[in-house]
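User: I would like a close look at one part of this model, the place where its chains meet. Please take me through it in a connected way, with the cut-offs behind each term.

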Amino acid sequence: MTCHWSAKLDLYVDSELPAVEMADFQRHLQTCPACAAGALSRLQMKRLTQAVGQRYRPSPEFRLRIEQSVGAPKTRLWLSRWLPALALAAALLLVVPSTAWWLQYSRSQQALAEIADLHVATLASANPVDVVSTDRHTVKPWFQGKLPFSFNLPELQNSPFKLLGGRLAYFHQSPGAQLLFELGKHEISVFIFQNRRDDPSLSSPSSVKKNLTFSTETWADAGLRYFVVGDCNPTDLHSLGELLKDAARP
Amino acid sequence: MSDRPADAASFEALAIPLFAALYNLAHWLTQDRAEAEDLLQETYLKALKGFGSFQPGTNFRAWIYRILRNTFLTSRSGLNAKMTDPLDLEEDASPAAAETPESVLLAQADRQLVEDALERLPVPLREVILLCDMEDMSYQEIAEALAVPIGTVMSRLSRARKSMRELIGAQVRGAGK
């Protein structure tokens with residue numbers, strides 16, 4: 001027996017059903033394997049057609065001919081004479097900074113991915129922290145003599161965050177502090193390293209990113225590079241970042 | 001007679017962004033680069049000439065596509081297409097066919113099979129499927145572009161997709177033998 005909805009499969013994949021009927025159809029798809037298969041095959045076909053349909057491209061000469069034939073009168077003579085030189089200058093102006101930007105962007109993306117890996121590895125460890133304490137006056141002194149720099153930890157008494165402890169971390173052959181915080185069921189790592197000029201990934205601009213459900217935030221302050229990473233929402237991550245920034249102010 | 005430079009400027013602003021898409025459609029219709037270029041050039045000239053009749057605020061894309069299509073239908077390849085398409089397109093308003101083994105075979109369809117099937121579709125079916133799936137036009141827009149009722153758009157689309165499934169299914173089965 002043919003399902004009466006099957007007559008509307010084309011309308012569904014073309015988004016031509018009214019909103020109410022669209023919702024009904026989507027519910028129906030969950031219970032009707034025949035319509036679900038029909039919708040899937042139509043969607044596949046639609047996407048393939050969309051892809052293969054973009055097949056022919058006009059030549060630049062033909063485009064120019066059409067533009068000239070339909071365009072409003074313009075004084076284009078000087079432009080055509082200087083166009084190659086202008087195009088080269090524009091290309092250089094665009095390519096050089098954008099290449100530099102892209103390199104910097106790629107490095108910072110890679111750095112954030114590596115930091116997220118460190119965080120995940122910590123959470124997977126049987127002993128995620130080497131100094132186990134909720135007291136910042138216990139955790140901070142533990143790093144003395146282990147790191148070539150010092151840092152301040154925020155007072156968390158009136159905040160939703162709880163300090164769980166800390167451990168040494170290494171990133172691009174540099175030692176740093178990894179501090180583990182808790183927010184509800186979420187665990188958040190804060191990494192602090194020296195901000196090195198010789199390592200571009202450790203001198204990336206401040207940024208907030210979300211990737212593979214991990215939020216990351218990074219900034220530099222007083223010669224130190226901070227990374228905050230966790231699976232909580234970016235706003236909470238940012239709040240913890242603000243507490244750290246406040247604590248770092250003299 | 002309207003203000004010529006101002007008209008040309010607004011025509012250019014509306015028409016040039018559609019140039020690549022219109023060329024692609026023209027090439028799909030004619031299946032030939034030189035004919036596609038001739039068709040598009042004539043379309044642009046006719047559209048510029050008739051731009052005064054275009055109602056601002058209405059759908060320019062559908063308007064210029066209708067000019068392209070009408071120009072195509074009176075061209076040599078357009079007349080050939082009309083002669084060789086034996087389909088009684090307007091009569092076929094049957095609902096979409098129930099799922100057949102063809103739909104299962106579609107899962108194996110790759111780009112080449114779809115491209116071949118699209119090439120082999122009669123022009124009226126090819127154009128409706130390209131406008132819907134490639135140009136992402138709504139049924140209403142397609143109806144305006146083809147100057148046919150929405151019901152005709154729906155029945156042609158249904159027919160076009162059925163033909164695509166059958167063509168691809170035949171190719172997949174043929175390759176499997």
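How many salt bridges are there between chain B and chain A?

Analyst: The count between chain B and chain A is 5 salt bridges, a salt bridge being a side-chain nitrogen of Lys or Arg within 4 Å of a carboxyl oxygen of Asp or Glu. This is a predicted model, in which local features need pLDDT of at least 70 and side-chain atom pairs count only at pLDDT 80 or more, while totals for chains, interfaces and linings use all residues. Residues are numbered from 1 along each chain as its sequence is written, chains are lettered from A and ligands numbered from 1 in the order in which they are written, and side-chain values use heavy atoms, with hydrogens and water left out.

Turning to the extent of the interface, 48 residues from chain B and 39 residues from chain A take part in the contact, where contact means heavy atoms within 4.5 Å. The size of an interface is often given as the accessible area lost when the parts come together. Between chain B and chain A the buried area is about 3,800 Å², and carbon and sulfur atoms give 60% of that area; buried area here is the accessible area (1.4 Å probe) that two parts lose on being put together, summed over both.

Across the interface of chain B and chain A there are also 13 residue pairs in polar contact, with both residues at pLDDT 80 or more. A polar contact is a pair of N or O atoms within 3.5 Å; within protein, one must be able to donate a hydrogen and the other to accept it, and residues adjacent in sequence count only if both atoms are side-chain atoms. On the side of chain B that touches chain A, at least two residues each come from helix H1 (4-15), H2, helix H3 (33-49), helix H6 (101-106), helix H7 (111-120), helix H8 (123-134) and helix H10 (150-176) of chain B. Helices (H or I, at least four residues) and strands (E, at least two) are DSSP runs, numbered from the N terminus.

Two of the salt bridges can be described in detail. In one, the side chains of B:Glu115 and A:Arg55 meet at 3.1 Å, N to O. In the other, the side chains of A:Asp10 and B:Arg161 meet at 3.1 Å, N to O. Because A:Asp10 lies in helix H1 of chain A and B:Arg161 in helix H10 of chain B, this pair joins two chains. Both A:Asp10 and B:Arg161 are buried, with buried meaning under 20% relative accessible area, exposed over 50%, and partly exposed in between (1.4 Å probe, protein chains only). A:Asp10 and B:Arg161 also belong to a network of salt bridges that links them with A:Asp14, A:Arg42, A:Lys46 and B:Asp133.

The side chains of A:Arg27 and A:Asp24 meet at 2.6 Å, N to O, and both residues lie in helix H2 of chain A, 3 residues apart, about one turn of the helix. A:Arg27 is exposed, with a relative accessible area of 51%, and A:Asp24 is partly exposed at 29% relative accessibility.

Aromatic rings also take part in joining the chains. Rings of Phe, Tyr and Trp (its six-membered ring) pair if their centres lie within 6.5 Å, and planes under 30 degrees apart count as stacked, over 60 as edge-to-face and the rest as tilted. By this rule there are 22 aromatic pairs over all chains. In one of them, the rings of A:Trp5 and A:Phe25 have their centres 5.1 Å apart and their planes at 90°, so the pair is edge-to-face. This pair links distant parts of chain A, 20 residues apart, with A:Trp5 in the segment before helix H1 (9-13) and A:Phe25 in helix H2 (residues 19-29). A:Trp5 is buried at 16% relative accessibility, and A:Phe25 is buried at 0%.

The rings of A:Tyr56 and B:Trp28 have their centres 5.4 Å apart and their planes at 70°, so this pair too is edge-to-face. A:Tyr56 lies in the loop between helix H3 (33-53) and helix H4 (60-70) of chain A and B:Trp28 in helix H2 (residues 19-30) of chain B, so the pair joins two chains. A:Tyr56 and B:Trp28 are both buried. Ring pairs also link A:Phe62 into a cluster with residues of chain B, among them B:Phe11, B:Tyr44, B:Phe54 and B:Trp63.
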